[in-house]
Structure formats: structure tokens, C-alpha cells
Amino acid sequence: MDSLTDPAHPAPTQPGTAQAATPPPAPSPVKVTRDPEGTRARILAAATEEFARYGLGGARVDRIAEAAGTNKRMLYYHVGNKESLYLAVLEGAYEHIRATERQLSLETLNPPDAIARLIGFTWQYFIDHPEFMALLNIENLHRAELLKDSDKVPSMHSPFVQLIADVLERGVAQGIFRAGVDPVQLYISIAGLSYFYLSNVHTLSVIFRRDLMAEPEKAARLAHMVELVLQSLRA
């Protein structure tokens with residue numbers, strides 16, 4: 001008599017009945033790399049390009065998020081709303097130029113060379129970073145309404161102004177520079193000489209029928225600015 005359960009002879013599958021499939025092994029959990037600093041840096045880099053190109057009104061948060069390789073939810077988490085993002089971009093732009101200026105070691109140079117180096121740096125920085133000039137234009141169109149909310153920007157300029165003041169004081173003490181020069185006015189003049197030329201170079205090139213961005217023209221402009229400023233400082 002056959003056993004009711006015969007392990008050697010399993011019951012056949014009824015026609016039309018599918019045999020239960022063995023479930024596949026569960027996939028290993030995906031490791032999510034969290035890099036908040038890197039994400040924020042990518043967002044700010046993408047936002048800098050977006051704001052410089054389209055302005056505050058024309059910039060789009062979704063384009064910024066896509067360029068940064070993230071999404072709008074993460075963008076808002078890291079930097080806040082659009083206005084907060086724009087202010088962060090402005091602060092970052094000022095912080096970068098001030099940090100780079102500190103590497104000039106002006107305090108180690110004699111006063112005329114220090115001023116000449118500052119002029120040359122400002123000129124070349126504006127050429128190499130057109131986005132910085134674009135952001136300045138945009139914020140001035142808005143009468144610096146958002147920049148007024150920044151506590152960082154004024155504080156980062158105080159040491160820079162003092163550095164210029166120290167160079168001037170050394171020049172006066174050595175009998176090279178005249179006394180009474182305002183370091184803030186001096187820097188505005190240095191920046192303005194480069195800024196006006198570069199921000200209007202296309203119209204000026206047409207008006208005067210000269211390629212003012214040609215290498216000889218740029219070299220002549222830099223030499224002119226250095227001589228003009230140093231002449232104004234001489235005792």
C-alpha cells in the first residue's frame with residue numbers, strides 16, 4: 001500500500017495551475033552619498049551663472065536646480081528661496097574677490113608697487129570674471145535692495161580698506177605719497193577705471209573704431225591706469 005505522502009514522487013501540477021516561483025533575492029540597499037557642502041557649492045555655481053545671465057527677475061530656480069544636479073526641494077533646503085539664493089551668490093562673489101586680494105601680499109611691497117599690483121589685479125579680475133561685473137550691474141539696477149540685508153559684505157571690506165590705508169601711510173612716511181588720500185575713494189577710483197572701460201568696451205570700440213579688447217589696447221589701458229593713479233598719489 002502506497003504511503004499517503006511519498007517524497008520520492010511529488011504530486012503533479014494540475015493543468016492550468018502555475019507552479020509558485022521562487023522569489024528573487026532582495027536587492028542590496030543603495031548607498032546614498034550625502035555631501036551637503038558639495039551640493040551647496042554646485043547650487044551656488046549654477047545660480048551665479050543663471051543670475052549673471054538672466055538677472056534676478058529672469059532667473060529660474062528649476063534651471064538652477066537642473067544645472068546643479070539636484071531638485072528644487074533640495075535647493076530650497078540648502079539656500080532658501082530665490083531671493084536668499086541671490087543674496088548668497090552676491091556674498092560669495094564679494095567674498096571671492098576679497099579673499100583673492102588678500103593673496104596679493106601688498107604689505108610686503110613698497111607703496112608704489114603695491115598700488116600698481118592692486119590696479120593690475122583689479123583689471124585682470126574684472127576681465128576673468130565677467131559674471132562679477134554682471135552681478136554688480138544687476139544689483140545696482142535694484143538699488144542694492146537685497147545687498148542691504150547682508151551683514152557679511154560690509155564686514156569683509158573693512159580689513160581691505162585698512163590694507164590700502166596702511167599702504168598709503170607707508171608711502172607718506174617714506175615721502176613718496178602725499179597725505180590726506182581717502183583709501184575708500186582711492187579704491188573706488190581704481191575699480192572705476194577698469195569697470196567703466198570693460199563694461200562699455202563694445203560701444204567704445206564702435207565709437208572710436210578700435211578693438212579695445214585687443215592685447216595692445218589692454219596693455220596700453222593698464223599702463224595708463226597705473227600711471228594716472230600713481231601720479232595722483234605722488235608727493
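Predicted model: local features only at pLDDT ≥ 70, side-chain atom pairs only at ≥ 80, totals over all residues.
Local features were taken only at pLDDT of at least 70 and side-chain atom pairs only at pLDDT 80 or more, whereas totals for chains, interfaces and linings use all residues. Residues are numbered from 1 along each chain as its sequence is written, and side-chain values use heavy atoms, with hydrogens and water left out.

The protein chain contains ten helices and zero strands, where helices (H or I, at least four residues) and strands (E, at least two) are DSSP runs numbered from the N terminus. The order of elements from the N terminus is α-α-α-α-α-α-α-α-α-α. Of the 235 residues, 37% are buried, that is, under 20% relative accessible area with a 1.4 Å probe and protein chains only. Contacts (heavy atoms within 4.5 Å) were also sorted by separation in sequence. Among those between residues at least 6 apart, 68% join residues at least 24 apart.

Helix 5 (residues 111–128) packs against helix 6 at an angle of about 90 degrees, and the two axes are 5 Å apart. Axes are lines fitted to C-alpha atoms, for helices over the stretch in contact, and angles run from 0 to 180 degrees between N-to-C directions. The two helices are therefore roughly perpendicular, a term for angles of 65 to 115 degrees. In this contact, Tyr125, Phe126, Ile127 and Asp128 of helix 5 meet Pro130, Glu131, Phe132 and Met133 of helix 6. The contact residues comprise six nonpolar, no polar and two charged. Here Ala, Val, Leu, Ile, Met, Phe, Trp, Tyr, Cys and Pro count as nonpolar, Asp, Glu, Lys and Arg as charged, and the others, Gly among them, as polar.

Ser194 lies in helix 8 and is buried, with a relative accessible area of 0%.

The largest pocket has a volume of about 510 Å³. Of its 19 lining residues, Tyr94, Arg98, His157, Tyr187 and Ile188 are the closest to the centre. A pocket is an open set of points on a 1 Å grid over the protein atoms alone, where a 1.4 Å probe fits, with protein on both sides within 12 Å along at least five of seven lines; lining residues have an atom within 4 Å of a point. Points are joined across faces, edges and corners, and the volume is the space filled by probe spheres set on them. Helix 4 (82–102), helix 6 (130–141), helix 7 (152–173) and helix 8 (183–199) each supply at least two lining residues. Helix 8 gives the largest share, six residues. By class, the lining has 14 nonpolar, three polar and two charged residues.

Technical notes. Parallel < 35°, antiparallel > 145°, perpendicular 65-115°, else oblique. Buried < 20%, exposed > 50% of the residue type's maximum accessible area, 1.4 Å probe, protein only.
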